[in-house]
Amino acid sequence: MSHPYEEILRGESLLRRPPGSRHELIAERLHARVSLCAATVATTRLLPPRSVVQICPGTLLRPDLTLITIATGKAWLIAEVVDTVDHHADTVVKKDLYEDVRLPRLWMVDPRYDNVEVYHGSPYGLALHRILSNRDLLTEALLPELSLGMAELFGTEVGK
């Protein structure tokens, strides 16, 4: 997506600027790897990148990656690649919305620090499960084949 796009947050329009090239590369790498793994899980479907997702009435978002449960059509995992310039919308506003709707899984992929914050839903909202960086691997029990190294995701492998 190389043009501005709109998200609706609690009934208010938010015009987002086009993501930068590094953001797009990271989002493409993540989507490609998750796509391979999600294809083996019969109960899950991966939406195209930045598909419009209504997480609650009056809120239409465009997450970088969304996995839905086929039976209900509800998102169970969302990944946001944080915009390095306009990060408040991702790291504060949208994260708060995901907490309010009790999203089961959230990955905040942060190119500013080359790390991924993995959140799990709990009875009290989103709980930080772990922060991945350097040589850590992104895994998810509900995607048994997923194993993505941070260096591969962020393009920081030696020789890159």
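This is a predicted model: local features need pLDDT of at least 70, side-chain atom pairs count only at pLDDT 80 or more; totals for chains, interfaces and linings use all residues.
Colleague: Hi! Let's start with β1. How many of its five residues are buried?

Modeller: Four of the five are buried, so strand β1 (residues 5-9) is largely enclosed by the rest of the structure.

Colleague: Nice. And how many bridges join β1 to β2?

Modeller: Five bridges link them, and the two strands run antiparallel, with β2 covering residues 12-16. Within that pairing, L9 has E12 in β2 as its bridge partner.

Colleague: What about the hairpin, how many residues sit between the strands?

Modeller: There are two residues between β1 and β2, and R10 in this hairpin takes a positive phi near 50°.

Colleague: Changing topic: how many cavities of 30 Å³ or more turn up?

Modeller: The count is one cavity. The volume of the largest cavity is about 60 Å³.

Colleague: Which elements give two or more residues to its lining?

Modeller: Those are β7 (75-81) and α2 (88-100). The lining residues include E80, V81, D90 and K94, as well as Y5 and R16.

Colleague: Then is C37 buried or exposed?

Modeller: C37 counts as buried because its relative accessibility is 4%, under the 20% cut-off. C56 is at 21% relative accessibility, so C56 counts as partly exposed.

Notes:
Residues are numbered from 1 along each chain as its sequence is written. Side-chain values use heavy atoms; hydrogens and water are left out. Buried means under 20% relative accessible area, exposed over 50%, partly exposed in between (1.4 Å probe, protein chains only). Two strands pair if DSSP finds at least two bridges between them. On a 1 Å grid over the protein atoms alone, a cavity is a set of points where a 1.4 Å probe fits but cannot get out, and a pocket is an open set with protein on both sides within 12 Å along at least five of seven lines; lining residues have an atom within 4 Å of a point. Grid points are joined across faces, edges and corners, and a volume is the space filled by probe spheres set on the points.
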